[in-house]
Amino acid sequence: MSDMLLFSPMTIRGVTLKNRIVVPPMHQYSAEKGFPTDWHLMNAGKFAAGGAGLVIVESTKVERRGCGTIGDLGIWDDKFIAPLSRVAGFIKQQNAVAGIQLGHSGRKARASRPWEGDRPLERSAEIEDWDAWTPVAPSAIAHSERWPVPRALETQDVKDLVAAWGQAARRAHEAGFDVLELHGAHGYLVHEFLSGRSNQRSDEYGGSEANRMRFLIEVTEAVRAHWPDHKPLFVRLSVEDNAGWGPEQSARLATILKPRGVDVIDCSSGGISEMAPILGKEIKYNYQVPLAEYVRAHADIMTMAVGLIIHGDQAEQILRDKQADLIAVGREILNNPNWPMDAALKLGVEGPFRNVPPQFGYWLGTRAKRGFGTRPSTWQNGLREAGPEADRELT
Ligand SMILES: Cc1cc2nc3c(=O)[nH]c(=O)nc-3n(C[C@H](O)[C@H](O)[C@H](O)COP(=O)(O)O)c2cc1C
């Protein structure tokens, strides 16, 4: 046991995370026709073996039209269950909890990969189902002048989509995932319903705030009908989107979602316009943490903090200050998949190698007993300072 909150276990419903460190969903652009590849197994596997309590697989699309770009993962058919179960199973074998995010890109679908310029794709022979991939949205309003005008969903299409999210949740359960996250952030479909800027519908899914929230509420209910009671449900929101949606609206929504079975709000920001809330401001550590703190305090719900959380002591302080209940480490864990082990060493947690599988945890532990490698490998200045004496000196 450790007195560090970051390394204290946490039980949500019937699922126990061994620590509070979460790998947030991160697209890998590596699926083939929606199916996971070896890359997904390796990618999720290395984070699970690195010691995170929960590994959430990237936004996995509930229908083909919802794919953001080439290489998105799919879960719109039962044929995806078996290949996804291999990824979930491997995460669990490493003693981590397997999570998956369900998503739909809405009007931001059919785009290039980020490193290819973040722009709409052009029709090519390579994309066989171009027309089936036409972007849809609450209203026929483009994301910006650089993006195509999406097709507005009919009321019946919206109801069919609600059912599609429910079916995707069933498949995620059957594939063996134990935590589900609904992607309601970053200007994708769910967020497009919430925002008055992108949702100008005149049916029951548009207009008032209550109507704009209706899609996500119905999605949550459909998901909960298929997602077992003992499994946690998270929702990611852009708690502040700089376009009319902010922490007050997010807290009101969280209050409505909690009795419908949502356990954690994953607090992100931006994405509905080209003006991210952080644009023009100094980008600093913890930039989204105040959003997690606000929702936690005002909606009496657990929150996950994410965004430029890089250091172990930084993560620990957020928990101690009761700003969030879980810590998501995104790009830093891309840099160092063993971040949980690194953080345990830095925080002086007893048994820092117990978070990782014995295949390497055992060897690192025996070496540490001899006084070597008791600090993260980047701690020292090189061979000159290396060795037990240097390690002891630094202690
Ligand atoms: C490569 C990459 C892919 C991402 N894909 C997703 C995604 O699938 N779903 C999502 O909600 N956020 C996605 N994000 C956002 C991250 O989950 C996270 O919120 C963001 O990187 C900020 O946290 P960080 O500063 O710790 O990286 C992605 C981020 C990166 C870097």
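Me: Which residues are buried in α7?
Reply: Val 289, Leu 291, Ala 292, Glu 293, Tyr 294, Val 295, Arg 296 and Ala 299 are buried in α7. Buried means that 20 or more other C-beta atoms, placed from the backbone, lie within 10 Å of a residue's own. Helices are DSSP runs of H or I with at least four residues, strands are E runs of at least two, and both are numbered from the N terminus. This is a predicted model: local features need pLDDT of at least 70, side-chain atom pairs count only at pLDDT 80 or more, and totals for chains, interfaces and linings use all residues. Residues are numbered from 1 along each chain as its sequence is written.

Me: And what do those buried residues of α7 pack against?
Reply: They pack against β10 (233-240), α6 (247-257), β11 (264-269), β12 (302-305) and α8 (312-320).

Me: What follows α7?
Reply: Asp 300, with a positive phi near 50°.

Me: Last one: what is Val 55 in contact with, leaving aside neighbours within four places in sequence?
Reply: Val 23, Ala 44, Phe 47, Ala 48, Ile 91, Ala 96, Ala 98 and Gly 99. Contact here means C-beta atoms, placed from the backbone, within 7 Å.

Notes
Contact = placed C-beta atoms within 7 Å. Buried ≥ 20, exposed ≤ 12 C-beta atoms within 10 Å, placed from the backbone.
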